[in-house]
Amino acid sequence: MADQGQSLVDPYTGLKAMELNLGPQHPSTHGVLRLRVRLDGEQVKACEPIIGYLHTGIEKTYEDLIFQQGNMLSDRADYVSPIINNLCYVLTVEKLLQIEVPKRCQYIRVMFAELSRIASHLVWLGTSAMDMGAMSPFFYTFQQRELILDLIEMAAGYRMNPSYFRVGGLMRDLPPGFSARLHAFLDGFPHWLDEYRGLLDKNPIWLDRLKGTATISLAQALDYGWTGPLLRALGVAHDLRKSNPYSSYEDFAFDVPTEQDGDVYARYKVRMREMEESLKIVRQAIDNLPEGPWHVANEKIYPPEKEEIAQSMEALIYHFKLYSEGFLVPPGEAYVGVEGPKGELGCYIVANGAGKPYRVHVRGPSFYNLQALPALVQDRMLSDVVAAIGSIDIVLGEVDR
Amino acid sequence: MLQVVIVVVKSIVTATLLLAAFGLMTWIERKVLARFQFRPGPNRLGPAGVMQFMADGLKLALKEEIIPTAADRFVYLLAPLVSLTAALIAFAVIPWGPPIHLLGQVVPMQIGGPNIGVLFVFAITSLGVYGPILGGWASANKYSLLGGLRSTAQIISYELAMGLAVTGVLIAAGSADLNTIVARQYRLWFIVPQIVGFIIYVITMVAETNRTPFDLPEAENELVAGYHTEYTGLKWAMYMMAEYINMITVSALATTLFLGGWHGPLLPPELWFLLKVALFMYFFIWLRATLPRLRYDRLMAFGWKVLLPVALLNTLATAVWVATAQ
């Protein structure tokens, strides 16, 4: 990037700086991020993130798949919170189709999106604690994340790439017994949040590592296009769920936690409180879950039931059309941004009237957040680089796409 | 002649016991850590997976020996040996039981008992740090180099405070001979009058052995594996052995200096000694399961600005106390 052509020799001291390659296979870069770091002792003089090791051509592949199949690709971008990616994608397609899914479906989507946010934050908490050298929180958080994945598996049949949300509805309605199991999780989780806090918040080493580390000014953050928890840690109460509600978020009561300091500790505190808020939303969603249909009644978009296909000629035709040609989306373009666990997750689709999109672009918040890394670690210690990477919570699947 | 035989036998027994303790310790550490983290830990080989360390050792012995082309071969091969040798020698002066009578001879339960026992341990453990430094330098790897550098900085910052923490005990006991120090604690363990020294010693002993939260030289998430990044097979195992045996040595020294050595009621003295050492070893694992890692500059600041002055004050206070008591 900026310092590409610079010489390694310091013009003033004549000493040669050490250049260190962190990654792409390094314990703490959270995937296949590669950093070219220039060091003076252990002080970082320049840091250049090199991305693309996980590039799988997701955006291009969209163009070859019918709209329902594209959902599967969205799972694989931010693989730590696939459900929210599903949500973003299906909302965009639904906007193009100008349809609105029934209330029950919207509530279920909110519920799973928030569960997914908690799961994503748990991965962040575990791995960033691990980066600091604390190994046990990783196991404690992943144990709770496992419970969320179990819930997702119960509903969607898959844990990691569920594709639970479909254009026009869901894959299926909530299975019997789901509510009880969800409540068991909701009742147990606050205790674990306290445990995490007890283990980390009162630990002087943890505070020492986090406070004042990897700071950035608000103006700079906005220039880099920061959103989500990172921006909220700088005191901006920007949350798409509040400012631009989608999928009935306006029905739910929750707060947008903010912090002022903009350091790693502020990001930590924001995310911890976000988990609490997400819990509140999930509880409201399951308690006020409306009865009724869970997908649109339009058979040209949502396939008919299997039993119906076996009996009705018309249903069979719909089914065949949907799974060969797909539904036809009227020409136009649409962008929907949702509040992902890492920031504003956006999906932009151009349709030309066919069953496949003409062009899809995904705004992966990790990519924008990662841009600021060189500014975050300039003139800091090597250990702070790891802390900074952990705190911006990147998923390389989303960065490289 | 008999003296020589006894010393040789004792050396072999001690070294064997230490290496066996190392093997067992790796298993205990993994098992205890697993319990902290809701995992079963090793559980396949032998009862409760106790034979796991045999399998690990065998695996390491059969590993391909890789020496980086850019490495300084001689130093690269020497470094782990330095670490292991120093670790094994340091334990030699620690008395792990009262003297026994054998073949008409009084046999002290330690290999050698110089009257400067404490200094000997410090001298040898300081030598041991050449292992990480040389290994880190000779590997021709930047991560290793950084690990070696950190190791040096850490030792410089902590040895001093450690030495001063122990000075309090030496003044109180009036001797640097470990047997005398143990004998002086017959009535009252030095942990009571020397509580400050004990706390400083415990902190520095963790730093000395490069364990969490002072495991910066091998900080996995920053430096891959620090100074032993380029080491494989048995050479890597030697570093590990050195680390664990060092843990045992510093724990044994803590026991000797502060917890009354092998003194204790009812149980045989050797068992008491073992129990006290085990307590410290558990403490090491507990720390590893709980704490994050310090940052390099903060670690040095802590060593120089907090531990050293406090240790100095403690030494002064002890000296004044002893002088006025006489």
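I'll start with words for angles. Angles under 35 degrees count as roughly parallel, over 145 as roughly antiparallel, 65 to 115 as roughly perpendicular, and the rest as oblique. Axes are lines fitted to C-alpha atoms, for helices over the stretch in contact, and angles run from 0 to 180 degrees between N-to-C directions. Helices (H or I, at least four residues) and strands (E, at least two) are DSSP runs, numbered from the N terminus.

Now the ground rules. This is a predicted model: local features need pLDDT of at least 70, side-chain atom pairs count only at pLDDT 80 or more, and totals for chains, interfaces and linings use all residues. Residues are numbered from 1 along each chain as its sequence is written, while chains are lettered from A and ligands numbered from 1 in the order in which they are written.

Confidence next. pLDDT is the predictor's confidence in each residue, from 0 to 100. Chain A has a mean pLDDT of 87, with 96% of its residues at 70 or more. Residues 1-5 of chain A fall below 50, and beyond near neighbours in sequence that stretch has three contacts in the model. A contact here is two residues whose C-beta atoms, placed from the backbone, lie within 7 Å. Chain B averages 83, and 98% of its residues score at least 70. For the model, ipTM is 0.82 and pTM is 0.87.

Chain A first. What are its domains? Domain 1 covers 1-55 and domain 2 covers 58-297. Those bounds come from an automatic or database domain assignment. The C-alpha centres of domain 1 and domain 2 of chain A are 32 Å apart.

Helix H3 (82-97) and helix H4 (103-131) of chain A have axes that come within 7 Å and cross at roughly 140°. H3(A) and H4(A) are therefore oblique to each other. Who makes the contact? H3(A) brings Ile83(A), Ile84(A) and Leu87(A), and H4(A) brings Arg109(A), Phe112(A), Ala113(A), Ser116(A) and Arg117(A). By class, that is five nonpolar, one polar and two charged residues. For the classes, Ala, Val, Leu, Ile, Met, Phe, Trp, Tyr, Cys and Pro count as nonpolar, Asp, Glu, Lys and Arg as charged, and the others, Gly among them, as polar.

On to sheets. Two strands pair if DSSP finds at least two bridges between them. One open sheet of chain A has three strands in the order E1-E2-E3, paired antiparallel. Its edges are E1 (18-22) and E3 (43-50), and each pairs on one side only. Neighbouring strands of this sheet are turned by 20° on average, direction ignored. Five bridges hold the antiparallel pair of E1(A) and E2(A), residues 34-40. Look for Leu22(A): its bridge partner in E2(A) is Leu35(A).

Another open sheet of three strands in chain A runs E6-E7-E8, again antiparallel. E6 and E8 of chain A stand at the edges with a single partner strand each, so one side of each has no neighbour in the sheet.

How many bridges join E6(A) and E7(A)? Nine, between residues 332-340 and 343-351. E6(A) and E7(A) form a hairpin with two residues between them. Gly337(A) stands opposite Gly346(A) in E7(A). E7(A) then joins E8(A), residues 357-363, through six bridges, running antiparallel. Val350(A) has Arg359(A) as its bridge partner in E8(A), and Cys347(A) has Val362(A). That hairpin of E7(A) and E8(A) has five residues between the strands, and Gly353(A) takes a positive phi near 95°. H3(A) returns here: H3(A) lies across E6 and E7 of chain A, at about 150° to E6(A).

Now chain B. Helix H1 (2-36) and helix H10 (233-258) of chain B pack at about 100°, axes 9 Å apart. That makes H1(B) roughly perpendicular to H10(B). Contact residues include Phe22(B) and Met25(B) of H1(B), and Tyr244(B) and Ile248(B) of H10(B). The class count is nine nonpolar, one polar and no charged residues.

Last, the interface. The contact takes 24 residues from chain B and 24 from chain A. On chain B, helices H6 (142-173), H9 (220-223), H11 (269-290) and H12 (296-325) each supply at least two residues of the side that touches chain A. That side of chain B has 11 nonpolar, four polar and nine charged residues.
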